[in-house]
There are 4 protein chains.
Amino acid sequence: MDYSYAPGRNHLFVPGPVNIPEQVIRAMNRNNEDYRSPAIPAMTKILLEDVKKIFKTTAGTPFLIPTTGTGAWESALTNTLSPGDRIVSFLIGQFSLLWIDQQQRLKFNVDVIESDWGQGANLEVLASKLAADTAHTIKAICIVHNETATGVTNNLATVRKLLDYYQHPALFLVDGVSSICALDFRMDEWGVDVALTGSQKALSLPTGMGIVCASPKALEATKTAKSVRVFFDWNDYLKFYKLGTFWPYTPSIQLLYGLRATLDLIFEEGLDNVIARHHRLAKATRLAVEAWGLKNCTQKEEWFSDTVTAVVVPPYVDSSEVVRRAWQRYNLSLGLGLNKVAGKVFRIGHLGNLNELQLLGCLAGVEMILKDVGYPVKLGSGVAAACAFLQNTIPMIPSRI
Amino acid sequence: MDYSYAPGRNHLFVPGPVNIPEQVIRAMNRNNEDYRSPAIPAMTKILLEDVKKIFKTTAGTPFLIPTTGTGAWESALTNTLSPGDRIVSFLIGQFSLLWIDQQQRLKFNVDVIESDWGQGANLEVLASKLAADTAHTIKAICIVHNETATGVTNNLATVRKLLDYYQHPALFLVDGVSSICALDFRMDEWGVDVALTGSQKALSLPTGMGIVCASPKALEATKTAKSVRVFFDWNDYLKFYKLGTFWPYTPSIQLLYGLRATLDLIFEEGLDNVIARHHRLAKATRLAVEAWGLKNCTQKEEWFSDTVTAVVVPPYVDSSEVVRRAWQRYNLSLGLGLNKVAGKVFRIGHLGNLNELQLLGCLAGVEMILKDVGYPVKLGSGVAAACAFLQNTIPMIPSRI
Amino acid sequence: MDYSYAPGRNHLFVPGPVNIPEQVIRAMNRNNEDYRSPAIPAMTKILLEDVKKIFKTTAGTPFLIPTTGTGAWESALTNTLSPGDRIVSFLIGQFSLLWIDQQQRLKFNVDVIESDWGQGANLEVLASKLAADTAHTIKAICIVHNETATGVTNNLATVRKLLDYYQHPALFLVDGVSSICALDFRMDEWGVDVALTGSQKALSLPTGMGIVCASPKALEATKTAKSVRVFFDWNDYLKFYKLGTFWPYTPSIQLLYGLRATLDLIFEEGLDNVIARHHRLAKATRLAVEAWGLKNCTQKEEWFSDTVTAVVVPPYVDSSEVVRRAWQRYNLSLGLGLNKVAGKVFRIGHLGNLNELQLLGCLAGVEMILKDVGYPVKLGSGVAAACAFLQNTIPMIPSRI
Amino acid sequence: MDYSYAPGRNHLFVPGPVNIPEQVIRAMNRNNEDYRSPAIPAMTKILLEDVKKIFKTTAGTPFLIPTTGTGAWESALTNTLSPGDRIVSFLIGQFSLLWIDQQQRLKFNVDVIESDWGQGANLEVLASKLAADTAHTIKAICIVHNETATGVTNNLATVRKLLDYYQHPALFLVDGVSSICALDFRMDEWGVDVALTGSQKALSLPTGMGIVCASPKALEATKTAKSVRVFFDWNDYLKFYKLGTFWPYTPSIQLLYGLRATLDLIFEEGLDNVIARHHRLAKATRLAVEAWGLKNCTQKEEWFSDTVTAVVVPPYVDSSEVVRRAWQRYNLSLGLGLNKVAGKVFRIGHLGNLNELQLLGCLAGVEMILKDVGYPVKLGSGVAAACAFLQNTIPMIPSRI
């Protein structure tokens with residue numbers, strides 16, 4: 001049943017699905033259960049409260065939907081908007097592109113603000129559009145917090161400031177798929193109306209749970225949203241929330257226990273420590289890339305992503321060959337360059353339940369691969385740069401002091 | 001993390017989610033993997049071929065969608081139909097009711113043929129509608145193969161015969177959630193256009209995979225179907241099938257390996273033997289119910305379901321109390337009566353990876369519960385009736401002879 | 001990797017190894033760890049304290065030895081006795097026979113008191129030997145608390161009374177392999193000097209941990225015991241207990257976590273409730289046997305075992321055929337008759353983490369098998385008798401009320 | 001239940017217990033089974049044949065004993081020797097010391113040949129002893145193939161040559177605990193009479209199975225060996241081998257399936273490739289140590305161990321602090337210096353199912369730790385040296401080309 005055995009652990013550094021901690025694998029190692037027994041609703045009730053913490057919201061209402069990030073997108077859009085609604089969306093990479101494609105196919109009137117791949121969302125254009133839109137024709141701003149294809153993090157606080165500055169009532173919808181639980185994210189403080197993520201990203205679970213959180217304003221919007229929806233309809237959830245049975249259809253028992261286990265680990269570490277760890281690993285990665293003499297696909301430091309680094313290879317190297325070789329020789333899984341940056345970048349995902357020595361093994365591997373494909377890297381250089389930073393910053397493990 | 005510990009195994013006899021075999025739990029006990037590596041597409045390719053066998057189709061195209069049965073319904077409808085299309089649907093219990101509700105909310109023009117709960121689909125009314133519909137305004141016949149709420153199995157072969165007799169081109173859409181892999185189901189032979197099931201039913205997996213299979217005619221229908229769809233759009237899958245990467249968005253690695261494992265078990269046992277085992281267990285259950293002096297909710301033998309038995313309790317008993325007591329005293333999970341039959345029936349699910357002695361433990365438990373709630377059952381009577389049948393019919397285990 | 005697949009769960013009713021609860025399987029589903037890190041000693045320290053509770057001792061010192069029951073026997077004997085020492089031992093079945101064989105091969109002077117298989121230890125003969133032994137040549141009394149081959153439980157309290165009555169200083173060594181954690185066992189109250197069990201019995205773990213508990217008097221005896229021992233030497237453990245590192249050689253990390261998990265379950269249920277559950281299941285089994293018109297191998301009620309029932313088949317039936325058929329047709333694992341009772345009895349093990357409905361499934365299976373092999377059992381009769389008792393005595397599950 | 005949580009994977013680099021591959025963890029994730037059913041003997045039969053391959057023997061007889069390496073030692077000695085027998089044993093480190101201690105406590109007349117810790121067995125002294133022993137008073141040569149405390153591998157081929165040269169009939173007993181399945185080991189070719197290992201070493205299983213293999217000459221020796229033994233007596237095994245039931249007492253079902261899984265992985269990789277991988281990882285480690293400017297505890301290249309490297313720290317560093325810090329800050333488990341080399345060396349275990357990037361993560365960690373404890377290492381230097389070697393030598397993964 002394993003189609004491609006290689007000795008030792010697989011080094012999983014794609015930006016999702018990510019490594020599942022042993023504790024979580026264990027928690028999910030179980031038979032099915034009757035989800036209508038009193039046990040599952042009792043568990044769900046606490047989970048819904050706890051899940052709000054990772055969004056940093058107290059006002060929001062979470063939905064745990066048996067779907068992927070793509071489904072979570074659809075859920076966010078169809079519950080709050082009507083066909084024909086004007087929405088502003090930023091095209092900055094493959095995942096924002098796919099979301100925009102979905103928005104268009106769902107019949108919204110998408111006002112696309114495009115940037116070069118490697119740049120963040122152009123918020124100046126947003127500002128001008130908001131300024132011009134005194135009639136409030138813009139119904140929603142849709143933005144990917146972290147574009148996984150290019151390793152670009154957008155500044156959500158600024159989006160909120162602009163909306164406030166122009167006193168614009170547009171809904172603020174955020175794809176937090178590769179950010180929530182890894183990057184600083186503050187749903188309430190930033191006035192995000194819908195935020196969403198997928199279980200297989202920073203939550204370090206298997207794929208299969210789309211986690212969507214809606215502000216009171218977003219819930220209000222459902223009342224007038226005319227988009228056709230059934231499977232993704234929040235109202236079905238809300239109805240069962242009120243009944244205290246919580247589930248309009250069968251949830252994955254295993255993912256519920258997995259979510260419980262992963263939240264327990266996150267809370268034990270402390271969410272802010274989790275975020276700091278992501279920053280530490282990302283910074284170490286960027287220092288390594290610099291030491292290798294390679295460029296980060298992300299064009300400005302303000303957009304640097306702490307969950308994924310897209311590394312630009314020299315023109316004479318095919319980045320797909322880097323990824324292929326990583327897998328064929330080193331049991332290392334790296335992210336491909338997608339669409340416009342196919343062949344030009346490879347990606348190192350450094351999100352989820354991960355530590356420094358795992359990352360350093362990956363970086364050492366990348367050095368050898370770069371040499372394999374003909375790039376004259378100085379072996380050890382990236383690891384040295386990363387270590388110099390990490391040795392100064394890694395905290396002691398609290399449970400072990 | 002276990003909210004309600006009780007010694008020994010839980011006896012899981014709800015009609016889904018069902019028991020997962022140890023072999024399958026084991027196969028899913030794993031870390032995430034990069035789904036873009038060559039390994040996962042190679043595995044998927046074989047899975048898609050193998051999955052067709054459980055539908056008994058060679059012409060169909062399967063889709064493994066990260067969703068539940070409710071999502072699979074939506075996928076079947078939106079890919080083949082347009083808002084306003086007239087569809088004929090049968091209301092015979094809670095799950096057909098929910099599907100009809102979805103059909104209406106998806107803006108189809110639903111022509112509902114209602115039966116008493118406990119009866120099968122009224123195919124005579126269907127015949128007359130087909131006869132009358134010379135203009136072919138009916139675009140689809142939607143039918144639940146096995147109504148899980150009442151334990152009623154509809155006769156699909158007859159539906160096909162009627163369509164053929166009237167040379168009616170309507171699509172034939174089948175909810176096979178509690179039938180496929182457990183009841184006799186023949187997609188190609190019966191000319192089913194879309195058939196679907198969920199992973200947590202007879203496939204004995206966790207919830208999270210909607211398995212939909214489309215006939216060539218159904219695929220053709222996608223070209224004109226105007227229902228808005230993105231997450232559930234088959235075309236996105238077909239595009240990636242052609243590319244050989246297979247996945248438009250991230251699948252659950254664990255469910256893929258689980259599906260592989262469960263199909264291996266099904267093929268080792270033999271699909272027809274699996275179906276025969278379901279019949280054996282169901283017949284034993286019905287004999288026990290009869291011996292207890294209770295009635296089957298299913299009104300005629302032709303509709304008897306081999307995956308779930310809904311048992312009617314006497315008027316002075318609340319069937320919810322039967323279910324509650326099963327869980328609180330015997331670590332037994334039974335199915336509640338739903339909606340119209342709430343309080344009136346409890347349900348014994350006997351589908352999935354299950355054997356005779358498991359069922360007999362359940363039946364013995366039900367006898368004690370019936371006594372608990374004041375019904376004067378003769379203890380041992382149901383088990384005796386079931387054993388008398390089973391002792392004559394259980395085959396030897398081939399691998400052990 | 002599964003050599004003999006059969007659908008559904010295996011019904012494991014041999015008297016060891018027994019069913020492992022899912023919670024415990026989960027806890028052991030883990031990688032190795034460095035047993036010299038601070039974590040494992042910290043865990044071990046608590047385990048050693050907790051393990052004393054299942055022996056009902058505060059004065060005893062437990063040893064968790066990577067071995068089986070046979071090794072635990074050897075550990076008990078060689079640490080407390082010297083070659084040539086006279087010991088009194090009771091031959092009442094296969095396991096007492098094997099222990100006596102070991103005692104003889106370890107060069108002790110074994111004074112065997114034999115009973116018919118199916119009878120308990122002859123304590124009258126013991127009394128006369130103790131009375132006669134004014135010179136205190138008897139160094140130890142070795143007794144199997146529960147003879148697993150015949151389902152006979154000996155009266156340990158009486159042994160203690162006799163020793164006290166005759167003021168005899170002999171050590172009191174008890175094989176509690178199929179009793180501890182299932183039958184009433186009181187190490188301190190009964191003045192047991194060494195008690196032992198194996199992980200795969202009532203503790204419901206995998207095989208591999210011999211659990212031995214020594215009284216202060218037994219520890220004192222080690223100082224003069226001249227039996228050669230190294231691997232089984234308690235002194236090596238005691239040395240490492242003092243150092244706080246606990247392990248003279250590598251323990252199984254998985255079994256330590258498994259022990260933690262299984263003790264947690266036992267303590268949650270309550271040890272006395274666990275014992276009461278074993279009595280309930282055993283009594284139900286005996287009522288079934290009676291209803292079938294068969295005899296219990298155990299000749300008097302005072303010796304009835306609450307962990308295993310050996311059922312005598314009629315002369316025209318081969319009990320091995322019962323066991324074979326159970327496995328080949330019903331996926332049921334029963335215990336063979338051993339040695340003197342081979343072919344004459346089959347055994348139903350009802351110990352460990354087990355509940356009533358599991359047992360009833362087994363009993364229903366046995367009825368069908370009896371019919372298969374030509375015994376004219378009335379189907380349902382045993383189950384009915386068991387249910388009549390159980391329906392009156394099963395308590396509500398505390399966590400679910 | 002986890003006493004010291006830290007994010008990400010634990011980096012397990014003690015020389016045992018070692019990392020268990022996911023495939024093997026999965027295979028052991030299972031309930032108990034009746035070991036007397038036909039399935040377990042069928043499985044055991046094949047296992048015993050397959051286990052001979054890792055010893056490179058066709059003439060040997062293997063025993064899978066529920067014990068640890070210490071028990072396997074005892075099994076080797078007591079089955080072949082009698083108290084008072086003269087045996088030659090080499091004291092070169094902590095584990096040879098412990099074995100000698102056992103030999104003495106088992107009442108053998110141990111003729112110890114001592115070397116400095118860090119040196120191999122002094123075979124010249126052996127030669128002179130053999131030369132002098134024309135009366136053949138030496139009954140056995142006991143040698144640790146790989147001394148885990150100092151990372152010293154002894155030359156077994158030379159031992160055999162000496163025995164042959166002097167035509168000496170002494171038994172040749174080998175502790176292969178940290179060698180078999182990792183170092184080149186040839187039982188038949190080298191005329192080894194008893195070889196043994198433990199499951200938690202290169203076999204990458206949990207602790208709990210002592211694997212002992214006896215030559216025909218060793219089996220012959222059992223007939224005259226007067227050492228008292230019961231639990232460890234090979235004759236009990238041989239008796240059950242003949243019966244075809246294989247087990248004199250209960251085996252661990254989980255370890256049997258684990259052994260099956262790990263052997264499958266070893267055979268898929270190819271035993272010689274496994275050995276080559278160990279050499280590759282070890283060489284890389286030694287190059288790193290050299291680049292750090294530190295000394296290998298092993299004094300000559302001929303003794304370099306391919307399974308563990310003992311690194312000598314400068315006098316002003318406490319090697320225990322290195323190990324403590326590794327665990328407290330980096331989630332890295334290193335081996336302590338033991339006994340004579342306590343505080344002076346730390347050990348990197350590089351055996352079992354392990355790959356290059358895992359090792360490089362460890363080496364990067366060690367560099368940071370060395371800096372932490374005040375040793376002026378050049379960060380990246382060791383990794384660079386290791387990578388330079390590895391990048392030239394790592395083969396492609398056969399299943400992925």
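A residue is called buried under 20% relative accessible area, exposed over 50% and partly exposed in between (1.4 Å probe, protein chains only). The model is predicted, so local features need pLDDT of at least 70 and side-chain atom pairs pLDDT 80 or more, whereas totals for chains, interfaces and linings use all residues. Residues are numbered from 1 along each chain, chains are lettered from A in the order in which they are written, and side-chain values use heavy atoms, without hydrogens and water.

Over all chains there are 58 aromatic pairs. Rings of Phe, Tyr and Trp (its six-membered ring) pair if their centres lie within 6.5 Å; planes under 30 degrees apart are stacked, over 60 edge-to-face, and the rest tilted. Two of these pairs are listed here.

| Pair | Centre to centre | Between planes | Class |
|---|---|---|---|
| Tyr241(A) and Phe246(A) | 5.6 Å | 50° | tilted |
| Tyr165(B) and Tyr166(B) | 4.9 Å | 85° | edge-to-face |

Tyr241(A) and Phe246(A) are both buried. Tyr165(B) counts as exposed because its relative accessibility is 64%, while Tyr166(B), at 28%, is partly exposed.

A charge sits over a ring if NZ of Lys or CZ of Arg is within 6 Å of the ring centre and within 35 degrees of the ring normal. Lys53(C) lies over the face of Phe267(C), 5.1 Å from the ring centre. Arg400(C) is placed over the face of Trp327(B), at 4.3 Å from the ring centre.

In helix α9 of chain A (residues 253–269), 14 of the 17 residues are buried.

Technical notes. Helix = DSSP H or I, 4+ residues; strand = E, 2+ residues; numbered from the N terminus.
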